[in-house]
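This report goes through a protein model from its strand pairing to its packing. The sequence and structure come first.

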Amino acid sequence: MSPPRRLAVLCSHLRPDGPAPPAGEQLEAAAAGSVSTSTCASGGGAAAGGDGGGNGDSAGCVFCRIISGEAPAYKVYEDDVCLCILDSHPLAPGHSLIIPKHHFPSLEATPPPVVAAMCSKVPFLSNAIMKATECDSFNLVVNNGAAAGQVIFHTHFHIIPRRSGDKLWPTESFRRRSIEPNETSGLVSCIKEQLCSTLEGCKAEASSLLKEP
(Lines give C-alpha, C1' and ligand atoms only; values in the text may rest on other atoms or scores of the structure.)
Protein backbone atom coordinates (compact mmCIF):
# COMPACT_ATOMS: atom_id res chain seq x y z
CA MET A 1 0.00 0.00 0.00
CA SER A 2 1.54 3.33 -1.04
CA PRO A 3 1.85 6.26 1.43
CA PRO A 4 -0.84 8.27 -0.42
CA ARG A 5 -3.19 5.28 -0.17
CA ARG A 6 -2.34 4.93 3.50
CA LEU A 7 -3.54 8.51 3.99
CA ALA A 8 -6.95 7.47 2.76
CA VAL A 9 -7.14 4.79 5.43
CA LEU A 10 -7.38 7.46 8.10
CA CYS A 11 -9.34 10.09 6.23
CA SER A 12 -6.33 12.03 4.92
CA HIS A 13 -5.66 13.40 8.42
CA LEU A 14 -2.05 12.30 8.52
CA ARG A 15 1.03 13.30 6.59
CA PRO A 16 3.51 10.44 7.22
CA ASP A 17 7.14 11.18 8.08
CA GLY A 18 8.46 8.84 5.43
CA PRO A 19 7.50 6.23 2.84
CA ALA A 20 6.50 2.76 3.92
CA PRO A 21 8.76 -0.16 2.95
CA PRO A 22 7.81 -2.03 -0.22
CA ALA A 23 5.24 -4.78 0.25
CA GLY A 24 7.84 -7.43 -0.54
CA GLU A 25 10.08 -6.24 2.27
CA GLN A 26 7.12 -6.25 4.65
CA LEU A 27 6.39 -9.88 3.82
CA GLU A 28 10.04 -10.95 4.06
CA ALA A 29 10.44 -9.22 7.42
CA ALA A 30 7.28 -10.83 8.73
CA ALA A 31 8.33 -14.25 7.47
CA ALA A 32 11.66 -13.89 9.26
CA GLY A 33 10.06 -12.73 12.52
CA SER A 34 7.53 -14.04 14.97
CA VAL A 35 4.71 -14.91 12.62
CA SER A 36 1.70 -16.70 14.07
CA THR A 37 -1.30 -18.20 12.39
CA SER A 38 -4.83 -19.11 13.32
CA THR A 39 -7.79 -20.81 11.72
CA CYS A 40 -10.55 -19.18 9.68
CA ALA A 41 -13.04 -20.54 7.19
CA SER A 42 -12.39 -17.69 4.75
CA GLY A 43 -9.39 -17.18 2.52
CA GLY A 44 -7.99 -15.69 -0.66
CA GLY A 45 -7.18 -12.11 -1.51
CA ALA A 46 -4.27 -9.71 -1.57
CA ALA A 47 -0.89 -9.91 0.11
CA ALA A 48 -0.68 -8.94 3.76
CA GLY A 49 -0.74 -5.23 4.29
CA GLY A 50 -2.31 -4.45 0.89
CA ASP A 51 -5.82 -3.57 -0.14
CA GLY A 52 -8.13 -6.55 -0.03
CA GLY A 53 -11.79 -7.36 0.25
CA GLY A 54 -12.82 -4.01 -1.20
CA ASN A 55 -16.14 -5.48 -2.29
CA GLY A 56 -16.90 -6.89 1.16
CA ASP A 57 -16.26 -10.45 -0.06
CA SER A 58 -14.21 -12.66 2.25
CA ALA A 59 -12.72 -14.38 -0.82
CA GLY A 60 -10.67 -11.24 -1.50
CA CYS A 61 -9.90 -10.27 2.10
CA VAL A 62 -6.32 -9.89 3.30
CA PHE A 63 -7.38 -10.19 6.94
CA CYS A 64 -9.08 -13.52 6.25
CA ARG A 65 -5.83 -14.71 4.68
CA ILE A 66 -3.93 -13.66 7.79
CA ILE A 67 -6.45 -15.40 10.05
CA SER A 68 -6.30 -18.58 7.99
CA GLY A 69 -2.49 -18.55 8.05
CA GLU A 70 -2.15 -17.94 4.31
CA ALA A 71 -0.49 -14.53 4.81
CA PRO A 72 2.07 -13.46 7.44
CA ALA A 73 1.47 -10.97 10.22
CA TYR A 74 2.94 -10.06 13.59
CA LYS A 75 0.35 -11.41 16.03
CA VAL A 76 0.30 -9.95 19.55
CA TYR A 77 -2.95 -11.46 20.85
CA GLU A 78 -5.54 -14.07 19.88
CA ASP A 79 -8.68 -15.58 21.37
CA ASP A 80 -11.75 -17.39 20.04
CA VAL A 81 -13.34 -14.22 18.66
CA CYS A 82 -10.61 -11.85 17.56
CA LEU A 83 -6.99 -11.37 16.63
CA CYS A 84 -4.68 -8.43 17.31
CA ILE A 85 -1.79 -7.80 14.92
CA LEU A 86 0.69 -5.02 14.23
CA ASP A 87 -0.34 -2.81 11.33
CA SER A 88 2.01 -3.48 8.42
CA HIS A 89 2.16 0.27 7.62
CA PRO A 90 2.04 1.80 11.11
CA LEU A 91 1.27 5.43 11.81
CA ALA A 92 3.29 5.10 15.02
CA PRO A 93 5.36 2.31 16.62
CA GLY A 94 2.95 -0.21 18.13
CA HIS A 95 0.02 0.71 15.84
CA SER A 96 -2.13 -2.41 16.08
CA LEU A 97 -5.37 -3.78 14.64
CA ILE A 98 -8.10 -5.74 16.43
CA ILE A 99 -9.78 -8.01 13.86
CA PRO A 100 -12.73 -10.40 14.28
CA LYS A 101 -11.97 -13.93 13.12
CA HIS A 102 -15.13 -14.12 11.02
CA HIS A 103 -15.56 -11.86 8.01
CA PHE A 104 -17.87 -8.86 8.43
CA PRO A 105 -17.44 -6.11 5.82
CA SER A 106 -18.55 -3.23 8.03
CA LEU A 107 -19.26 -2.30 11.63
CA GLU A 108 -23.03 -2.34 11.12
CA ALA A 109 -22.77 -5.83 9.61
CA THR A 110 -20.83 -7.09 12.65
CA PRO A 111 -23.01 -8.81 15.30
CA PRO A 112 -23.20 -6.85 18.57
CA PRO A 113 -21.67 -9.72 20.61
CA VAL A 114 -18.61 -9.67 18.32
CA VAL A 115 -18.29 -5.89 18.60
CA ALA A 116 -18.66 -6.20 22.38
CA ALA A 117 -15.93 -8.85 22.51
CA MET A 118 -13.60 -6.65 20.47
CA CYS A 119 -14.32 -3.58 22.62
CA SER A 120 -13.79 -5.56 25.81
CA LYS A 121 -10.19 -6.23 24.74
CA VAL A 122 -9.35 -2.57 24.08
CA PRO A 123 -8.33 -1.66 27.68
CA PHE A 124 -6.25 -4.83 28.04
CA LEU A 125 -4.50 -4.50 24.67
CA SER A 126 -4.04 -0.73 24.71
CA ASN A 127 -2.48 -0.87 28.17
CA ALA A 128 0.08 -3.44 27.01
CA ILE A 129 0.80 -1.51 23.80
CA MET A 130 1.25 1.80 25.63
CA LYS A 131 3.62 0.21 28.16
CA ALA A 132 5.63 -1.50 25.42
CA THR A 133 5.95 1.75 23.44
CA GLU A 134 6.39 3.94 26.55
CA CYS A 135 3.35 6.02 25.64
CA ASP A 136 0.59 7.21 27.94
CA SER A 137 -2.13 7.85 25.36
CA PHE A 138 -3.68 6.25 22.31
CA ASN A 139 -6.30 6.77 19.62
CA LEU A 140 -8.97 4.15 18.99
CA VAL A 141 -10.04 4.52 15.34
CA VAL A 142 -12.63 2.73 13.22
CA ASN A 143 -12.78 3.59 9.52
CA ASN A 144 -16.26 2.44 8.53
CA GLY A 145 -17.11 2.85 4.84
CA ALA A 146 -15.15 4.11 1.85
CA ALA A 147 -15.84 7.79 2.57
CA ALA A 148 -14.35 7.29 6.05
CA GLY A 149 -11.15 5.85 4.58
CA GLN A 150 -11.90 2.13 4.89
CA VAL A 151 -9.89 0.22 2.28
CA ILE A 152 -9.96 -3.30 3.76
CA PHE A 153 -13.61 -4.24 4.11
CA HIS A 154 -13.28 -6.52 7.10
CA THR A 155 -14.26 -4.80 10.37
CA HIS A 156 -11.23 -3.76 12.42
CA PHE A 157 -10.22 -1.33 15.17
CA HIS A 158 -6.97 0.67 15.12
CA ILE A 159 -5.07 1.20 18.37
CA ILE A 160 -2.54 3.97 17.73
CA PRO A 161 -0.11 4.90 20.53
CA ARG A 162 0.37 8.64 21.01
CA ARG A 163 3.10 10.85 22.43
CA SER A 164 2.81 14.46 23.54
CA GLY A 165 3.74 16.73 20.64
CA ASP A 166 3.90 13.93 18.06
CA LYS A 167 1.69 15.98 15.70
CA LEU A 168 0.16 12.81 14.32
CA TRP A 169 -3.16 14.50 13.51
CA PRO A 170 -2.77 17.98 11.99
CA THR A 171 -6.51 18.49 12.52
CA GLU A 172 -5.96 18.54 16.31
CA SER A 173 -4.79 22.14 15.96
CA PHE A 174 -7.91 23.22 14.05
CA ARG A 175 -10.47 25.41 15.80
CA ARG A 176 -13.84 23.73 16.05
CA ARG A 177 -17.03 25.67 15.48
CA SER A 178 -19.58 25.76 18.28
CA ILE A 179 -22.79 23.84 17.72
CA GLU A 180 -25.75 25.91 16.53
CA PRO A 181 -29.09 24.95 18.18
CA ASN A 182 -31.20 26.02 15.20
CA GLU A 183 -29.06 23.85 12.90
CA THR A 184 -29.20 20.74 15.06
CA SER A 185 -32.71 20.48 16.48
CA GLY A 186 -33.99 18.87 13.28
CA LEU A 187 -30.98 16.54 13.18
CA VAL A 188 -31.54 15.41 16.78
CA SER A 189 -35.20 14.66 16.01
CA CYS A 190 -34.25 12.72 12.89
CA ILE A 191 -31.68 10.63 14.78
CA LYS A 192 -34.20 9.83 17.51
CA GLU A 193 -36.76 8.78 14.89
CA GLN A 194 -34.21 6.45 13.31
CA LEU A 195 -33.35 4.97 16.71
CA CYS A 196 -37.02 4.39 17.53
CA SER A 197 -37.58 2.79 14.13
CA THR A 198 -34.61 0.49 14.63
CA LEU A 199 -35.70 -0.49 18.14
CA GLU A 200 -39.25 -1.22 16.94
CA GLY A 201 -37.85 -3.35 14.13
CA CYS A 202 -35.69 -5.30 16.57
CA LYS A 203 -38.64 -5.86 18.90
CA ALA A 204 -40.83 -7.07 16.02
CA GLU A 205 -38.12 -9.46 14.85
CA ALA A 206 -37.58 -10.82 18.36
CA SER A 207 -41.34 -11.27 18.80
CA SER A 208 -41.64 -13.22 15.54
CA LEU A 209 -38.74 -15.47 16.51
CA LEU A 210 -40.38 -16.26 19.86
CA LYS A 211 -43.64 -17.24 18.11
CA GLU A 212 -41.90 -19.69 15.75
CA PRO A 213 -42.41 -23.37 16.71
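## Strand pairing

Two strands count as paired if DSSP finds at least two bridges between them. The model described here is predicted. β3 and β5 meet this with three bridges and run in the antiparallel sense. Within β5, the residue opposite S96 is I159. β4 is also joined to β5, by five bridges, and these two strands again run antiparallel. F138 has P161 of β5 as its bridge partner.

β5 is largely enclosed by the rest of the structure, because six of its six residues are buried. The burial covers both faces of the strand: F157, I159 and P161 lie on one side, and H158, I160 and R162 on the other.

## Overall layout

The protein contains six helices and five strands. Along the sequence they follow the pattern α-α-α-β-β-β-α-α-β-β-α. Of the 213 residues in the protein, 36% are buried. Counting contacts between residues at least 6 apart in sequence, 59% join residues at least 24 apart.

## Helix α5

Helix α5 covers residues 122-133, twelve residues in total. At 1.5 Å a residue it should span 16 Å, and its end C-alpha atoms are 16 Å apart, so the two values agree.

Which residues of α5 are buried? They are V122, L125, S126, I129, M130 and T133. Viewed down the helix axis, the buried residues of α5 fall within an arc of 130 degrees, so they line one face of the helix. On the other side, P123, F124, K131 and A132 are exposed.

The buried residues of α5 pack against several elements. The strands among them are β1 (75-78), β2 (82-86), β3 (96-100), β4 (137-141) and β5 (157-162). Helix α4 (112-120) is also packed against them.

## An aromatic pair

A pair of aromatic rings is described by the distance of the centres and the angle of the planes. The count in this model is one aromatic pair. The ring centres of Y77 and F124 are 5.5 Å apart and their planes are at 70 degrees, so the pair is edge-to-face. The pair links distant parts of the chain, with Y77 in strand β1 and F124 in helix α5, 47 residues apart.

Is Y77 buried or exposed? Its relative accessibility is 18%, and buried means under 20%, so Y77 counts as buried. F124, in contrast, is among the exposed residues of α5.

## Nonpolar cores

The largest nonpolar core has 14 residues, of which F63, I66, I85 and I99 touch the most other members. α3 (62-68), β2 and β3 each give two or more residues to this core. The largest share, five residues, comes from α3.

What does I99 contact, leaving aside its neighbours within four places in sequence? It is in contact with F63, I67, V81, C82, L83, I85, H154, T155 and H156.

Another core, of 13 residues, lies apart from the largest one. Its members include C84, F104, I129 and I159. I129 is one of the buried residues of α5, and I159 is the β5 residue that stands opposite S96.

Conventions
Residues are numbered from 1 along each chain as its sequence is written. This is a predicted model: local features need pLDDT of at least 70, side-chain atom pairs count only at pLDDT 80 or more; totals for chains, interfaces and linings use all residues. Side-chain values use heavy atoms; hydrogens and water are left out. Helices (H or I, at least four residues) and strands (E, at least two) are DSSP runs, numbered from the N terminus. The expected span of a helix is 1.5 Å times one less than its number of residues. Buried means under 20% relative accessible area, exposed over 50%, partly exposed in between (1.4 Å probe, protein chains only). The arc is that of the directions from the helix axis to the C-beta atoms. Contact means heavy atoms within 4.5 Å. Rings of Phe, Tyr and Trp (its six-membered ring) pair if their centres lie within 6.5 Å; planes under 30 degrees apart count as stacked, over 60 as edge-to-face and the rest as tilted. A nonpolar core is a set of buried Ala, Val, Leu, Ile, Met, Phe, Trp, Tyr and Cys residues joined through side-chain atoms within 4.5 Å.
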